[in-house]
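Please read the following account alongside the sequence and the coordinates.

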Amino acid sequence: MRHWTLLRHLGATALAAAVLLGVTSVLDPFRDYQLATAAAYLCAAAGLTVLTGLNGQLSLGHGALMAVGAYTVALVQNGFGAHDVGTQWTVPVSLAAGVGAAAASGAVIGVAAARLRGPYLAGLTLVVAVAVPALTTVFGGVFHGDQGLSVYLPPTPAALGEDFPIERWQAWLALCAALLTLLLLANLIRSRFGRTLRAVRDDEVAARLAGIPVARTQVLAFVVSAACAGLGGGMFAVLAQSVSPGAFALTLSLNLLLAVVVGGLGSLAGAVWGSLLLVLLPYLTDTLTSSLALSPALTQRLAGNLPLAVFGLLLVIVMIAAPGGIQGLLNRAGRWARGRRHNRPVRRVDPSAHDAESPPPVATHT
Amino acid sequence: MDRFLFLSVDGLSRGAVYAAFALALVLIWRGTRIVNFAQGVMAVATAYLAYSVAGATGSYWTGFVAALLGGLVLGAVVERVVMRRVEQAPPLNAVIVALGLVLIGQGVLGMIYGNQFLPFPAPFSRAAMTVAGVPLVSRYDLFVFGTVLTLMLALAVLFTRTATGLRMRAAAFAPQVSRLLGVNVGGMLTLGWALAALVGALAGMLVIPTGLGLHPTAMDLVFVSAFTAAVVGGLDSPVGAVVGGLVVGLVLSYVGGYLGSSTTPLAVLALLVVVLLVRPSGLFSGAQTRRV
């Protein structure tokens, strides 16, 4: 059965890649860049949803892990640039280095975190998120403090033509990274390890009695998740062609958390919705405020802050009213539609009468 | 030696503020088993209120009182409107909701006041007075010590000497039994949150003049320091929070003074990791809880 899952995931990935290839070639460069940003968010959000949704460990430090990935990519790329290595292979190599560095940092945090639960873990990772950007100032000789580093990026391949927009090339890179992450994580979730993750989340004592090494599972989950965050951060460096501590502040970690919670905790599809939301919502609010013809000072204050407030509001409302997030609502709607279709020929069903969990009601007319 | 003395006094002054802020975290943790990650932004919101009121009336002290009252109201509103709905849910939900409040707070404050640092002067001189030839303690430090000490005495009297304090402790300790005995448990929780927010607002008013100025994220580092202080003390113990606050204040003052101020966040991280790995229950936890 297992290779069926693998085949299905491979097929879905290939299909998605084909569709996205078409989509990127009709979009203008600005949209391509937005898509690339969403894909970079998605790498990190997919990792976070595995850790928080499937393993029950809340991390507020994923923004910091993204910073580790981004700075590693920047340093390695600039190393290549300094030695005039300009081939396209430098980008995957430095991304791999970023993933490795983030995974190693994740292992360190994970070992400390495996002994912690709930608010203690959240607090520790929160301190990580606040402390890691400070490293760039402490080791200012390497990281250049608040100014950050610019990232050397080889030019787009000549085979694509002279006027091929760089944004589209970046979108391809980012989408490749995101699809690869999703493919690997989807298989991981369906594997024995994925079941172990859920077992540890649901009941540690029962998991331990069943012979699952709880601490090791938690550390491994942190490493996998950190590697994804490193890839996302590395993609950020490739997209912006610069890295600075301001881009990896605590807000980034909170945004990632928002993406996975609002999208639907524990579901990769939810991470996709959340990442799109992270890019689209600021864009929509910006369009809205610029269409209202407000004073320049007010527009400047609203920019960046209005999306933040809306994000926070969304987070609170979703957590209280619909903890399943967007994907949970979609699943419910899908089940409801299916139930309706099956029932329609036989009897009329009041749509409000049955819940997702309860079986379809019996015939109401007699 | 002079520098060491100066840093010690400075550390104790900072530590007093961290202690107050940690106390606010402990108050809420004892009542509802929630770590209020929104405490920092709530304190900043009240400081902004003080800024506006002081600007309108021209008096620092009306602003000060407005911040404290604002904290009281804000804490009660947050508990009633938002937190009550997740108190019974898994602990993860409460943390996430509190973080949502952080985003809302930073966004709304940024929209109203902008994202630049606003000047937030101290009511007393921060220049150190010379004692026996050594520049030691400033008037502002004395003000901080006095305020925090008064606050702690007031809280101690409230919790140990008044009927309301007894009800609050009962509601936190055994909600069901207290409810049967006629204690308004929900009301006590709201009161606890309101008190905690008041304490947080006070700590914010004391610490913001010593930093860069008023900014929506001005309390982030204070929050993580106070969280570390509360964990050092054991999250459950008010005395532990005070001692933890002073310890964290001293450590950060020495590290910042001798190694440069940019290293203080790393010092907080190192301290928290060491405490969590060596003694996760904190130095002052009374009952040993066994995790099964």
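Two residues are taken to be in contact if their C-beta atoms, placed from the backbone, lie within 7 Å. On that criterion, among contacts in chain A between residues at least 6 apart in sequence, 78% join residues at least 24 apart. The model is a predicted one, in which local features need pLDDT of at least 70 and side-chain atom pairs count only at pLDDT 80 or more, whereas totals for chains, interfaces and linings use all residues. Residues are numbered from 1 along each chain as its sequence is written, and chains are lettered from A and ligands numbered from 1 in the order in which they are written.

The secondary structure of chain A comprises 15 helices and 2 strands, where helices (H or I, at least four residues) and strands (E, at least two) are DSSP runs numbered from the N terminus. The C-alpha trace of chain A extends over about 80 × 55 × 45 Å along its principal axes. Of the 366 residues in chain A, 46% are buried; a residue counts as buried if 20 or more other C-beta atoms lie within 10 Å of its own, as exposed if 12 or fewer do, and as partly exposed in between.

Helix α10 of chain A, residues 214-240, reaches 39 Å from its first C-alpha to its last, close to the 39 Å expected for its 27 residues at 1.5 Å a residue, the expected span being 1.5 Å times one less than the number of residues. This helix, α10(A), is mostly covered, with 22 of its 27 residues buried, and A:Gln241, which follows α10(A), has a positive phi near 55°.

In chain B, B:Leu195 lies in helix α8, residues 185-207, and is buried because 24 other C-beta atoms lie within 10 Å. The C-alpha atoms of B:Leu195 and B:Leu155 are 9.2 Å apart, although 40 residues separate the two along the chain.

Where do the two chains meet? The contact involves 40 residues of chain B and 38 residues of chain A. On the side of chain B that touches chain A, α4 (91-113), α9 (220-233) and α11 (264-278) of chain B each supply at least two residues, and the largest share, 17 residues, comes from α4(B).
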